[in-house]
Amino acid sequence: MRAAHFCASCGKVQPPQPADYFSFFGLPLKLTLDVTALEKDFYELSRRLHPDLSARASTREQEWSLEQSSLLNDAYRTLRDPIKRTQYLLRLEGVELEEQSKAATEQARATGEVKKQIVPPDLLEEVFELNMQLEELKMNKQVGDDDPSLVGEISKHKVALEAKYEQLLQELQSYWKEWDAAIDRNPAESAVAERTQIIGKMVDVLNRRNYIRNLVRDVNAALEE
Amino acid sequence: MSTEYIVGIDLGTTNSLVAFMQGDTPVVIPGDDGSNLVPSVVALDENSQPVIGNSARKFLIETPERAVYSIKRLMGRGVEDIQEELKLFPFRVAEDLQPGEVLRIKLGGKTFTPPEISALILRQLKRNAERYFGAPVMKAVITVPAYFNDAQRQATKDAGRIAGLEVLRLVNEPTAASLAYGLDKKQNGIIAVYDLGGGTFDISILKLHDGIFEVIATNGDTHLGGDDIDNLLITIALDDIRGDLDLDLRRNAEAVQAIRKAVIEAKIALSSQPSVKLDIDLPGGKRYQREISREQFEQLIQPIIDRTVGPCKQALKDANLKPEQIDEVVLVGGSTRIPKVRALVKEMFQREPHVDLNPDEVVALGAAVQANILGGGSEATQNMLLLDVTPLSLGIEVAGGVTDKIILRNSTIPASATQFYTTQIDGQANVAIHVLQGERELAKDCRSLARFDLKGIPPMAAGIPRVEVKFLIDANGILHVSAREQRSGKEADIQVQPSYGLTDDQVESMILDSFDNAEEDFRRRQVIEARNETATILAALEKAKKSPAWAHLTSDERKRIAKMEKALIEVNKEDDYQAIRKAIDALNQCTMRLAELMMDTAVSSALKGKTMDETDLGEGPTAPHPMAKAEFK
C-alpha cells in the first residue's frame, strides 16, 4: 500500500510516515522494477508534493511538503538505479556494504596501510598478469621507454574486465529473480535462511563489481600518465 | 480586496529587471524612465542618498569612488576568494576588515556588505513595481546563477530581506529561461540553456514534458562573462596608451571608467558592424584612437569564450547525452549576442540556437512565471512544475582532510542525506562538522560552506552516542541541518558559522524599511508622488492660461477647469493619495480640449501627462509613464 501522503478527504499533504523507499512508492520489497512506471509515479507525486505548490499553505504544511518531496527525490534516485536499488535493499536487510567499505578506507588512511582488497577468485590470474604489466609500464615510464605492445596488452585486459563488469550486472539480475521469487513464495520474515543465501550472492557480486571498477580506474589512470 | 502581487526579479551582474504575469503573458515592468533594464550600478550622491540604475552611471565616470558595479561578483564570497577580482575591478575593500568577517566595500565614504548593495537595487525594482501596480509589493522570486553555491544563494536571499521582500523562491537562471521558453513553445523535448551573462556562465540541460521542467544536469563558471571580455579590452587599451602615448592610466579611476564605457560600446557595435573605431578623450588633452575589426576582436576573446566548452561537455556527460540528442538550444544573456559565441554554440550542439526570446529579458520573464506558479497559478501555468537540481556535490570533511560526498551534484532538490557521528572522548559534549561543496577529493580544494558544532550531546562513554545529522537541500538550493542524538532522543543544538555570510541578527539590523512600517512608508511615498504630479499639472495649467488657446475655450469650459483646479488644490492638502489622483484625472479630463488646441497652435502640451520643461520645476520625479497607468481598487 502506498504510504498515506495525502488526506483522503481534503487532499492536503500529510506529515511523512517513517517509510522505506519501496513502500513510499507503494511497491513490494522486490528487486525487479518497471522503471518507466516508476518514473510516471515520480512525476505524478512530484506534481502533488513539491514545495512550490504549497507556497501559500501553512508553515507546517510547507515543512511536511519539503520533507516529503526530499524523501520522494531520494527514493526515486535510489530505486531507479539497479545498483543503488540493490544496495538499498541490502541495507534494509541489515547489510551495510558502503559503511563497511568506508570504515575500512578510513582505517587504512588512519594507519597508513593499504586497504585490503580481496581478489575475486575467478579473476586471480588476470589480475596477477595485469598487475605485473602495470609495474612494467611504470618502470618504462621512469626510464622514458615506450612500449606500444605492452600498452596494447594492458588495453586488452581492460576491455576483458569491462566485459566482465557488464556480465556481473546480468548475474546480479538473475539473483534478483531468485529474491523476488522467494518473496512471492513466502513474504513473511520467517524464510530467513533462503533470503540470507540470496543476499550473500548479491553481496558477492557487488564486491566483485566494485573491485573491477577500481581496477579499471587504476588502469585508466596509469595509461593516461 | 487587494490582490497580492508576487514579482519575478532578475538580479543580474550588469542589468536587473522586474516582471510579473499579466494574464497569460509575463511582462517586464519598466522603471520611471520607461526603460526595462535597470543597470546594476549603485552610487551615493553628495548627500549620501542612494542612486540606482541609469542615473548612477554618470557617477561611475565622474566620481568613481561614489559608485559600484557588478556587485554580484562579490556576493557570498570572502576576501581571500576575490583577490583576482580586485585586480580587475575597482572594488575598494574596507581597510578595517577582520579575518573571518563578512566582506565590506567602501562606497562614498561609508562601507557596505554586498547584500546591502544588492538590496538597494532590489528596492529600486520593488518601487518600480509598486508604482506600476499602485499597490505594495512584498513578495518576490529572485533568480541566481545555477552554479551559485550555498553562500552565494544565502547572500541573495539576505539581500531580498534587507530590501523588504519576502523571497519565496530562488530560481536558477537557466531554469527560469526555460520556463519562459516552455510557456511560449509548449513543446516536449530536451533543451540546453546556454546562459552567458555579465559575470557568470551557466549551462543547463532540461527535459520538458507535459509542463514538467526537469533539470537533468547543470554546470558553469561563476566568474566568467561579458565583464571578462570588457576587462581584456580595457587592459589592451591601457597597454596601448602606455606604449603609444607614454601615459600610465591604470590608477586613474575616471580614465579607466571612460575607457570601459568606450570598449563596451565598441564590443556591442562589433556584433552588427565589421569594424569599429575607439576614440577616447584622455586626461591632459590627449586622445586614444584605435580601429578594431570584428576579426581581431574574435581572436582576442576566443580564450574567454572557449572556457564555456568544458562545462558544456561535462553537463552533457553528466546527463548521459550526446549533442545530437538535444532538441533545442536556448541562448540567454547579453553576451550571447556576440556572433562568435553563437558560432561556438552552433558548433558544440550542431544546430542553430534559438534566438527568438530577448536574451536580456527572458530570465526575468521566467521568474515571473515561477512567481505566478507559487502564487497559485493561472490557467496558463496550472500544469507547470519545476524540478531543479543542486549543481555541486555536498560533502563532509573526514579524517585525513578528505571530502566524503553525501549528496551528489545534479541530484533533484529537495534532497537529503543522513550521517551518523559519535564521540572520541568520554563525556564529549560537542562534535565539530565541516561541510563543503565541490567535486574535489580534498577538503581544502572544495568550498567551505559552514562549520557546525553539535552541542549538548548527553555525557556518555566515547563511541556510544549516535548522533544522527540530517542534511537537507531545499528547493532554493540552500542547505539546512538538523541533528538528533538517537539514544537519548535529544535534539542536538547546532551553531552555524556561515563561512562568508551574515548571521540572522546582522540581516535584521540591516533591513532598509522595517516590515511594520512598509505599508505606511508606501502610502507616504504615494502621497509625495501624487503631490509632485499635482505641482506639474498646476504649473502646466498656469502656462496654458497665458497661451492663445485659452481664449478659444467657452466660458463654461473655463469655469469647469477653474472648479476642478480648485478641487485639486484642496484635496492636495490632504493625505489621501487616491483622492489626489482622482482629482488630477478629473482636471486632465476637462482640459483635454485645451490641450488639443494648444497642440494645434504649436505649443507643446504638458496637460496630457508629458513632462514639463524641467527647468521650471526643478528636480522631481517625472509624471508616470504614459503606458504604465496605475490601477486603483
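1. A crossing of two helices counts as left-handed if the near helix is turned anticlockwise from the far one by less than a right angle, and as right-handed if clockwise. By that rule, α3(B) passes α4(B) in a right-handed crossing. Helices here are DSSP runs of H or I with at least four residues, strands are runs of E with at least two, and both are numbered from the N terminus.

2. A word on the model before going further: it is predicted, with pLDDT of at least 70 needed for local features and 80 or more for side-chain atom pairs, while totals for chains, interfaces and linings use all residues. Residues are numbered from 1 along each chain as its sequence is written, and chains are lettered from A and ligands numbered from 1 in the order in which they are written.

3. Back to that helix pair. The axes of α3 (114–133) and α4 (150–162) of chain B come within 8 Å and cross at roughly 55°; axes are lines fitted to C-alpha atoms, for helices over the stretch in contact, and angles run from 0 to 180 degrees between N-to-C directions. α3(B) is therefore oblique to α4(B) (under 35 degrees is roughly parallel, over 145 roughly antiparallel, 65 to 115 roughly perpendicular, the rest oblique). Residues in contact have C-beta atoms, placed from the backbone, within 7 Å; α3(B) contributes P114(B), P115(B) and L122(B), among others, and α4(B) contributes residues including A155(B) and I162(B).

4. α6 (124–143) and α7 (148–185) of chain A pack at about 145°, with axes 10 Å apart, and their crossing is left-handed. Among the contact residues are L130(A), L134(A) and L137(A) of α6(A) and L150(A) and I154(A) of α7(A). By class, this contact has six nonpolar, two polar and three charged residues (Ala, Val, Leu, Ile, Met, Phe, Trp, Tyr, Cys and Pro are nonpolar, Asp, Glu, Lys and Arg charged, and the others, Gly among them, polar).

5. Do look at the hairpin in chain B. β15 (275–281) and β16 (287–293) pair in the antiparallel sense over seven bridges, where pairing takes at least two DSSP bridges. D281(B) has R287(B) as its bridge partner. Five residues lie between the strands, and G284(B) in the turn has a positive phi of about 85°.

6. Finally, the chain contact: 17 residues come from chain A and 20 from chain B. On the chain A side, α3(A) gives the largest share, six residues. That side has five nonpolar, five polar and seven charged residues.

How values were computed. Two residues are in contact if their C-beta atoms, placed from the backbone, lie within 7 Å.
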